[in-house]
Amino acid sequence: MTLRVRHARMIPLTYPSKPEYTMTNPRRPLRLNVGFLINQPIGVSREFLFDYPEIKAGEDTRLTNFSGSARISRTPQGLLVQAKFEASLTMECVRCLETYQQRLGWEFTELYAFSRRSVTESGLLVPEDAHIDLEPLTRDYALLEVPINPICKENCRGLCPVCGENMNQVDCGHRSGGADSPFAVLKSLTDE
Ligand SMILES: [Zn+2]
Ligand SMILES: [Zn+2]
């Protein structure tokens, strides 16, 4: 027991062995205070973990079951963000027109520069208040992952071209009865 306590004392408190879930303002869940990193030596980094049932990304996008991490490292030019996230987005299936939850996963690496001299194409600077809000980047990168033809499931049967019923839910009988279907030919053969 005493051994354990002695061992625990040896762990430097300023460097947690495991990354911890990030405490942020619930209204701005991806806004991080990075002030403490700015005066650290080059190479020091910190990992932020996220896990939210729902976040708003921009005015029009709601991401649910949002989770992931962002490692922020002090470099000579600024703070480097290496982020990896996943979340679900409500989408409409192009075949059956039902809404469903599309799972998305995405990663990005971006530099928030200390000065205009070292700014990248993205034009990101470490803000005066030393808070980096990853929401705009998160939204942009997430939307890049949205499929062009979203499908609720691989074998979605879509809508019946004759009566418009959702063929995942009802068997309206139109498809197998078509005059040019292989089954129709078979039927005509067996009937004779
Ligand atoms: Zn569908
Ligand atoms: Zn039908």
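Two strands are taken to pair if DSSP finds at least two bridges between them. In this predicted model, strand β4, which spans residues 78-92, pairs with β5 in the antiparallel sense over 15 bridges. Within this pairing, Ala-87 stands opposite Leu-104 in β5.

Both strands belong to an open sheet of 4 strands, arranged in the order β2-β3-β4-β5 with antiparallel pairing. The edges are formed by β2 (45-57) and β5 (99-113), each of which pairs on one side only. From one strand to the next, the twist averages 15°. Helix α3, comprising residues 135-144, lies across β2, β3 (61-74), β4 and β5, and runs at about 130° to β5.

The largest nonpolar core contains 22 residues, and those touching the most other members are Leu-63, Phe-66, Ala-70, Val-81, Ala-87 and Leu-134. At least two residues of this core come from each of β2, β3, β4, β5 and α3; β4 gives the most, with 5 residues. In soluble globular proteins, nonpolar side chains tend to be buried together. Apart from neighbours within four places in sequence, Leu-63 is in contact with Ile-55, Ala-57, Ala-87, Ser-88, Leu-89 and Ala-142.

Confidence was also examined along the chain. The protein chain averages a pLDDT of 85, and 80% of the residues score at least 70. Over residues 1-17, however, the pLDDT is below 50, and this stretch has 1 contact in the model beyond near neighbours in sequence. Residues 177-181 likewise stay under 50, with 3 contacts beyond four places in sequence. Where pLDDT is low, the predicted coordinates should not be read in detail.

Note on methods: Residues are numbered from 1 along each chain as its sequence is written. Chains are lettered from A and ligands numbered from 1 in the order in which they are written. Axes are lines fitted to C-alpha atoms, for helices over the stretch in contact, and angles run from 0 to 180 degrees between N-to-C directions. Two residues are in contact if their C-beta atoms, placed from the backbone, lie within 7 Å. pLDDT is the predictor's confidence in each residue, from 0 to 100. A nonpolar core is a set of buried Ala, Val, Leu, Ile, Met, Phe, Trp, Tyr and Cys residues joined through C-beta atoms within 7 Å. A residue is buried if 20 or more other C-beta atoms lie within 10 Å of its own, exposed if 12 or fewer, and partly exposed in between; C-beta atoms are placed from the backbone.
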